[in-house]
Amino acid sequence: MRGVITYCGLYTLGETPRQAVKGIAEEVLQGLRQFGAVTGPQRHRGVFVVFDPEGVKRVLDLLCHEAGVEVLLHAFVTEATRRDDRITDIVYRDHGGARRIAAKAFVDASGEGDLAALGGAATRYGNDGAVNLGTLGTRFGGIPKEVTITADRLAAAVQAARAAGKGPFSKDRSVVTRLPLSGDLVCYVASEDYDPRDTKSMSAAERRGRAQAWAYLEAIRGLPGCEKAYLASTGPDFGTRESRHIEALHRLTWQEIVEGRRQADAIALGAWGVEWHDRKTFESSFVYPPDKGCYEIPLGCLTSVNTPNLFAAGRVVDADQQAGASVRVMGTAFATGQAAGIAAACVAERGSVDVATVRQRLRAQGALIEASALL
Ligand SMILES: Cc1cc2nc3c(=O)[nH]c(=O)nc-3n(C[C@H](O)[C@H](O)[C@H](O)COP(=O)(O)OP(=O)(O)OC[C@H]3O[C@@H](n4cnc5c(N)ncnc54)[C@H](O)[C@@H]3O)c2cc1C
């Protein structure tokens, strides 16, 4: 989670937000409600739901256990074997060494597209040379709950600190929110330009990001009521918004979203805008989806173009610069993840994917897959 504690994309962005992602996401939300570990929907420039990270860990443990999922934590996938057009097995490493798993189908939910790249599936880094900027999430404790910190107040504090020669700071503003249980303040400001595929680049960014985090702390301490603020956590590692995408049967474009195109193989709904963080200017921009509503995501953009037993979920899916800057958010990743899992199960059972079966199973699991579901 990289210290990001706000689910975007679960709700549409209009006057009366409507839930656009259900299915597994709804099961997670229900679990979080039982722990009192979720608040919202709230508004910044979009609509988001705030969760407590420890609550999410516990809820995901419970859901995976109930579903019979064997979760292998701290296992890094380092190799994938390809035979003809299929990935047949992967190697992951733990402290015991290298271990191999064979499977009939795979989902790349690695964010970085590692599995696809290792398995010889077609991938690309970013889109046409543009890659969304990464940011180190920061959490601050020691700020009384009655002290209101808004994005504007944070920006003013940073600008004052910068004028006083303090720093380093990269950005002035971001989402600012409080954790549901502890009341800790969370924001996503400390940004760096780095290559997430290269540990040297990422390590240097993390060092510089932590220096920024301490500078932001000093700026926040300058606000009335925040004198006792402290840095509760950074990261734990840098949050990467974009890295590799698979080359898929369909590249989702913002143009087709703007046109409101209906997708015959729709398997999920996107409801977030084009949230772009620029690597050159470090400025952020946001473009709303048409009518602040939702758009359909086709199975084709989750399906590898040259590896039919490989599907992508989350920010690895195939989308152009703008569509990718929308579809990547966590609320939508729930939906693409669920669809990719069902599609992979379909391939494991019958050797190929059948769109009608995937859509029928998603509906049976309570997922919303067509924009008409929200009309
Ligand atoms: C600073 C910041 C703020 C953001 N704010 C929001 C927000 O407010 N709301 C929102 O919804 N989204 C937000 N996003 C976007 C969102 O966090 C990501 O786009 C989203 O997490 C993508 O999900 P994912 O599952 O595709 O990838 P990730 O969340 O990156 O998950 C990938 C996982 O795969 C693991 N992995 C990677 N490689 C390997 C490997 N080789 N072997 C084994 N495991 C591997 C990683 O450790 C990680 O756990 C933000 C992102 C950033 C960086």
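Where does Asp291 lie? Asp291 sits in the loop between strand E16 (284-287) and strand E17 (295-298). Before going on, some ground rules. This is a predicted model, where local features need pLDDT of at least 70 and side-chain atom pairs count only at pLDDT 80 or more, while totals for chains, interfaces and linings use all residues. Residues are numbered from 1 along each chain as its sequence is written, and side-chain values use heavy atoms, with hydrogens and water left out.

A word on naming. Helices (H or I, at least four residues) and strands (E, at least two) are DSSP runs, numbered from the N terminus. Buried means under 20% relative accessible area, exposed means over 50%, and partly exposed is in between (1.4 Å probe, protein chains only).

Back to Asp291. Its phi is near 55 degrees, a positive value in a residue other than glycine. Asp291 counts as exposed, at 78% relative accessibility.

Asp128 is next. Phi of Asp128 is near 50 degrees, again positive in a residue other than glycine. Look for Asp128 in the loop between strand E8 (123-125) and strand E9 (134-141). Is Asp128 buried or exposed? Exposed, because its relative accessibility is 83%.

Now the cis peptide bonds. One joins Gly40 and Pro41, with omega about 10 degrees. Pro41 is in strand E2 (residues 38-43). Another joins Gly235 and Pro236, with omega about 25 degrees. Pro236 is in the loop between strand E12 (230-234) and strand E13 (244-246).

On to helix H9, residues 355-364. Which residues of H9 are buried? They are Thr357, Val358, Arg359 and Leu362. An α-helix has 3.6 residues a turn, so residues three or four places apart point the same way. What covers the buried residues of H9? The cover includes strand E14 (266-270) and helix H8 (330-350), counted by contact, that is, heavy atoms within 4.5 Å. After H9 comes Gly366, and its phi is positive, near 85 degrees.

Last, the cysteines. A disulfide is a pair of cysteine sulfur atoms within 2.5 Å. How many disulfides does that rule give? The count is zero. Take Cys187, which is in no disulfide. Its nearest cysteine sulfur belongs to Cys226, 11 Å away. Cys187 is buried, because its relative accessible area is 1%. Cys8 also counts as buried, at 10% relative accessibility.
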